[in-house]
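Dear colleague,

I am passing on the structure below, followed by notes on what was found in it. Please read the notes with the coordinates open beside you.

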2 protein chains.
Amino acid sequence: MDLSANLPISKYVTATTDIKPTASAPVKAAERATRDPERTRASILSAATQEFAAKGLEGARTDDIARRSGANKRMIYHYFGSKDGLFQAVLEDTYARIRGSEADLQLTSRDPVLAMGQLVAFSFDWFLRHPEFVKLLNEENLHGAAHVRSSNVARSLNMPLVELISELLERGAASGQFRTGVDPVQLYISIAGISYFYFSNRHTLSAIFNRPLEAPGELRQRRQHVVELILGYLRP
Amino acid sequence: MDLSANLPISKYVTATTDIKPTASAPVKAAERATRDPERTRASILSAATQEFAAKGLEGARTDDIARRSGANKRMIYHYFGSKDGLFQAVLEDTYARIRGSEADLQLTSRDPVLAMGQLVAFSFDWFLRHPEFVKLLNEENLHGAAHVRSSNVARSLNMPLVELISELLERGAASGQFRTGVDPVQLYISIAGISYFYFSNRHTLSAIFNRPLEAPGELRQRRQHVVELILGYLRP
DNA sequence: CCTGTAAGTAACTGATCAGTTACTTTCTGA
DNA sequence: TCAGAAAGTAACTGATCAGTTACTTACAGG
């Protein structure tokens, strides 16, 4: 039941420190032959994602975002209205990118057990590769999800994994491979939680246990553990 | 295996919105007959815990903390040196209170399965009753655990639950009730994670699933789920 | 009972920063 | 081809806030 061989973990390790959201390089005034509203908007959004992820909502500076994006601060207000409006746009963009990366999850097996294992491992890898998402989500929850709640875009994105979990649970229960009576939302929260918590709290956990949680060996162990935990639980 | 009957969940629900750390009422100038350094320090710490939990490190205002504590802003610098020093003291105090509440966990059974179930439920209840701890920990991780790392107090507090988990795992494996080869630290992180994530991300999760995660019924379901998840996994 | 030190106060300051103003440049479509 | 709108710039502003200053009040030990 070890799926970790599929993915060379070491390849992702740098991703936890090096945040690279939607590409969109800063727009240098010199190389900008002509005006390009789309590009300006995108480069502000990209710079803002990095700044907010690195320093939080209060910690991020609009001046820094402007400089980093190569645009002018005035443009932030032109396109996004306010700092909060910009943060909300960053969240919406980030949520939208999750939906986009659904395609990344190609369950190679029809077998519910194998498929569920892949799903759990995918979830772990996803958080590993998108540390900026973890940080933004943390920040948003610290603020009572005010931006998500007032955003139709973010709210309408029903976590697509839940439907997949639901379907696997049904097939697995029917074939006698899974226990019955599992609430897919509860299971979703658990699958997300065991990986998310590891990454979101890795700094305090590393300090307290004196274990480098971001080292390749530790990541491999954790990945295997989360898969075993969920599959072990789901046995009938 | 349902332990939820032991605890009337509804009793704790208010705790998630109403934050009440170490007592220490604000010191009103009128009713303060005499000087009391200990009391002043404690009341600043208490007010700071509430402010930092509510608004984060950047969001909290030293003026508000001073007003709320009944002390003067000058006293914050007198006793804690800086805003960061105060935040670190708040973290240390909060960690210390965890250790103090260890006594709350009286495993009533020698049976490893029952005892582990109680431990998981205790962990859930603990986060439910200490939302300020969840927020402070989130905030600290958003800042790379800088305060915890530079604090001997906080770092020296090896999560005591890990030892207990370790002991239960050994006894359960010996008696054939638990699977073997489980890393106690991995299990600890999972036990903490499935409850912590539920509370720390309850705002975005509630918004996305359109389910009131803080409602008594939801809490009861979640509590039961986390216990079943861990015990289900640990079966041989 | 008095003197030095610690506790406490209130008003201030200098830096920072979100958001604005007043302006210039470029594009579009009639 | 030119008028008006949108894109873009740089300098400014008013509010905020962490931290300080200059001061008063209380207390403990000799």
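How many of the 236 residues of chain A, as a percentage, count as buried? The share is 41%, where a residue is buried if 20 or more other C-beta atoms lie within 10 Å of its own, exposed if 12 or fewer, and partly exposed in between, with C-beta atoms placed from the backbone.

Before going further, some conventions. This is a predicted model, in which local features need pLDDT of at least 70 and side-chain atom pairs count only at pLDDT 80 or more, while totals for chains, interfaces and linings use all residues. Residues are numbered from 1 along each chain as its sequence is written, and chains are lettered from A and ligands numbered from 1 in the order in which they are written.

Confidence

Chain A averages a pLDDT (the predictor's confidence in each residue, from 0 to 100) of 84, and 82% of its residues score at least 70. Confidence in chain A is highest in H13(A), at 98, and lowest in helix H1 (residues 10-13) of chain A, at a mean of 31. Where pLDDT is low, the predicted coordinates should not be read in detail.

The secondary structure of chain A comes to 13 helices and 0 strands, taken as DSSP runs numbered from the N terminus (helices are H or I, at least four residues; strands are E, at least two). Of the contacts in chain A with a separation of 6 or more, 72% join residues 24 or more positions apart.

Leaving aside neighbours within four places in sequence, B:Val90 is in contact with B:Leu45, B:Ala48, B:Thr49, B:Phe52 and B:Leu136.

The contact between the chains

The contact takes 42 residues from chain A and 42 residues from chain B. On the side of chain A that touches chain B, the largest share, 11 residues, comes from H11(A). By class, that side of chain A has 18 nonpolar, 16 polar and 8 charged residues, where Ala, Val, Leu, Ile, Met, Phe, Trp, Tyr, Cys and Pro count as nonpolar, Asp, Glu, Lys and Arg as charged, and the others, Gly among them, as polar.

Local points in chain B

Helix H2 (residues 37-59) of chain B spans only 27 Å between its end C-alpha atoms, whereas a straight helix of 23 residues would span 33 Å at 1.5 Å a residue, the expected span being 1.5 Å times one less than the number of residues. H2(B) bends by about 80 degrees at B:Ala53, the bend being the angle between axes fitted to the seven residues ending there and the seven starting there.

B:Phe178 lies in the loop between helix H10 (160-174) and helix H11 (184-200) of chain B, and counts as buried because it has 21 C-beta neighbours inside 10 Å. The C-alpha atoms of B:Phe178 and B:Tyr233, 55 residues apart along the chain, are separated by 8.8 Å.

B:Ser206, in helix H12 (residues 202-209) of chain B, is partly exposed, with 18 other C-beta atoms within 10 Å.

Best regards

Note on methods: Two residues are in contact if their C-beta atoms, placed from the backbone, lie within 7 Å.
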